[in-house]
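Dear colleague,

I am passing on the structure we spoke about, so that you can look through it yourself. My notes on what was found follow directly after it.

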Amino acid sequence: MRYAAKRAITLLITMVAVSFLAFAAFDIISGDPATAMLGTEATPERVEALRAELGLDRPLLVRYGQWLAGFFTGDLGTSYSYGQPVWDLIAPKVGVTLVLSLMSFVLIAAVSVPLGIWAARWGGGPLSGARTVLGQLCMAVPPFFLGILLTYLFSLVLRWFVHGSFPGFGTDPVGTLRYLFFAALTLAIPRIAMTVRMLGSTIRSELGREYVRTAISRGNDRSGVLRHHVLKNALVPVVTFLAQTMAEIVAGSIVVEQVFAIPGLGRMLVASIADRDYPVVQAIVVILAFWVVLSGTLADLINTRIDPRLRLGGGA
Amino acid sequence: MKKRPLALVLLASLLCAVLSGCGDSSTGQAPEDRAAANAIVVGIAQDLDDSLDPHKTVKAGTREVMFNVFEGLMKPTPDGDLIPAIASDYQVSEDRLTYTFSLREGVQFHNGETVTAEDVLYSIQRCTASTETGIVPVEAFSSITDLYAPDEQTVVITLDQPNSEFLSYMTTAILPEGYDQQDTAPVGTGPFRFVSRAAQDTIVMEKFDDYWGTPAYLDQVTFKIIENSDSLLLSLQSGAIDLCNHLPTAQAAQLGDDFVIEEGAMSLVQALYLNNAVAPFDDERVRQALCYATDRQQILDLAFDGYGSLVGSSMYPTLSKYFDESLTDWYAYDVDKAKALLAEAGYPDGFSMTITVPSNYPQHVDTAQVLAEQYKAIGVEVEILPVEWNTWIEEVYTGRDFQSTVVGVDASNMTARAMLERFQSQAGDNFINYHSDTYDALFAQAIATADDAEQTALYGQMQRDLTEHAANVYIQAPADLVAVRKGLEGVTFYPLYVLDLSQVRYAA
């Protein structure tokens, strides 16, 4: 339990650091929210007045302090672009991106683990070349293009979903899940290929170790050894890898949400960065960072379950 | 072990069944369902991430859509005329200083209130003195010396000097006094009323049943935000979207038989805008050399699939009253002449220059690339600097820290003044630092004159001044391609950046 508490504190510190970095990054890049809001109507006087109204004329640390205080009291501020409370704007999108990420994560785990084991057991053979080519292909196709290909197949040819008419969980939960599935698939395909390859090679290298030979020579059957001994050892790097995959999924969702016209956090993030809508950017960055850091923490906790030695810090 | 493949096949087919299953039963996704509900979905590439208060709206994309919700005392027609809207008629005094507007009886706001003279006074005052932060002041209102309502149905406005274009500014939206939710839940008097906005997703409008004029045909319009043009194309093809304007030519070419492409002209002038204050563009001969070295037809062919109409000055063809066609071919493509001019200006071997382009506009980026190739012929090396829109606003438009930029410049209303005012040497939005005393004098004359014909002639001379001095390398008024699903009709084009949906209807 102390271990979990320690991880929770690390998580909190990471979050604060991430939010500060995001905040500071905006001070460095060019473009100011006031100019963004005024556009071609911007005059120096009007920009100054708006900056004052938004409180942007105060020092960075003061603004950050105020934001942090607001964050911990549940006030994420008001969007500059939309003039609405940030939470009202992004609340419907949090669920969408969360479900999309989880769905694609489950797809990756459910498909790649059995496939990886299968690949390791029947490594080599006549099909191995074809498998490698297929794997490389899946990894190499840019997600944007893959999304267009899948849309073409499933929406325009098979008519399994209507691209561009995302229903939303409120109106049609089943339809929404179905719509999200194709986006999740786009996210999952390259990562399935990566995980299969990674798991396959880990298992193969484990299979070559002495304890396996010993176990088999003692008369244990091959699949038993694989299941009880090899997998347990091979799983630790795979769990870590899958946790990293979670971060990649979150990053990849930005592109996929655009291709599939899904109103999620990723699109919102891109748009609000372009608009210099700080309060929205801050909130989304913190949510996504939390999500990524949390999955890393969970992976570590799972790994210590699989291999308690890691708890002593030796495995890090 | 042998059962496994069977189980897998079963699972896969179950998945297929779920995924494909009730695909057609969900409502509102198929074009036929929408036709039955008398509703359409319009695809737009830009979200309305702006204040929805029309007095505060800055983005052209927001104004374009909200045109359906708001009206002024006057409103524009597709022909470029002005007709009374909330006003039923108006009189102008002999000395052209006093405007008396009679309000139309019983015009209703979307919240059920009736428009009164008080609302009109409030709306005009709000745009005169910017007491609230964020209000974009209407410059023409600063010459109002007296504004009052002698009775409930009349508004009188007095100016300090005659302004023949004053009526154009009377298209300023009339809003209910005392309503403070305009930013997010706007209320106007237009044929459609605003229903909802979901950020980066949709904007919904419904027909306003108590509209004073010809009601809208459609019961509901949903604007779907799809910023990526490939994605937009997929949504048109999948049946999710019925109408989409500003479609890039590449996407328009790929649309199937379900759509008709309507072609209008955008109300903007695309040009290589030159900073007239920095070397080498402070030399008129260098600017002229670039004009001669530009093969504009090739730009249209390579970057716009041949669509678009060429222009030769800061005026677009749909403002036909002012557009001077003779300026279009002033600088016919001539590399030798360009080289000679450069040599004369002291650059016999050319020079290097930068073109700053807002990267969110692929058409401007493409144009810059064609220009870069073309200028190699006269020894000019071009470096293209793609920047984000905000950076463009800050550095190029307000900071004027640039050499040249490819962009489209539009007009806020249908007057020549709106296009030409900015190139006066002292104008705050003269981002190219154009300086011509003749031009300034002509402008002063033009706004002071009472005679319409004389004024039109003066505006013509101003355009000529811009062309002769090669203020910019003028290129074209881009085509506006609108994809309309077959069965829909009534798309209208205005010499303004608006999308009027009140005429759109399902063919009987």
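**Helix packing in chain A**

In this predicted model, helix α1(A) passes helix α12(A) in a right-handed crossing. The two helices, α1 covering residues 2–28 of chain A and α12 covering residues 278–306 of chain A, have axes that come within 9 Å and cross at roughly 150°. Because angles over 145 degrees count as roughly antiparallel, α1(A) is roughly antiparallel to α12(A). As for the composition of the contact of α1(A) with α12(A), its residues divide into 17 nonpolar, five polar and two charged.

**Where chain A meets chain B**

The contact between the chains draws 48 residues from chain A and 42 residues from chain B. On the side of chain A that touches chain B, at least two residues each come from several helices of chain A, including α2 (33–38), α5 (86–121), α8 (173–207) and α10 (222–259). Sorted by class, that side of chain A has 23 nonpolar, 16 polar and nine charged residues.

**Chain B as a whole**

The secondary structure of chain B amounts to 14 helices and 21 strands, and its C-alpha trace spans about 85 × 75 × 40 Å along the principal axes. The radius of gyration of chain B is 26 Å, which agrees with the value near 23 Å that a compact globule of 508 residues would have. Of the 508 residues in chain B, 46% are buried, and among the contacts in chain B with a separation of 6 or more, 68% are between residues 24 or more positions apart.

Terms used: Residues numbered from 1 in each chain as written. Chains lettered and ligands numbered in written order. Predicted model: local features only at pLDDT ≥ 70, side-chain atom pairs only at ≥ 80, totals over all residues. Axes fitted to C-alpha atoms, helices over the stretch in contact; angles between N-to-C directions. Helix = DSSP H or I, 4+ residues; strand = E, 2+ residues; numbered from the N terminus. Parallel < 35°, antiparallel > 145°, perpendicular 65-115°, else oblique. Left-handed = near helix turned anticlockwise from the far one by under 90°. Nonpolar A, V, L, I, M, F, W, Y, C, P; charged D, E, K, R; others polar. Rg over C-alpha atoms; globule rule 2.2 N^0.38 Å. Buried ≥ 20, exposed ≤ 12 C-beta atoms within 10 Å, placed from the backbone. Contact = placed C-beta atoms within 7 Å.
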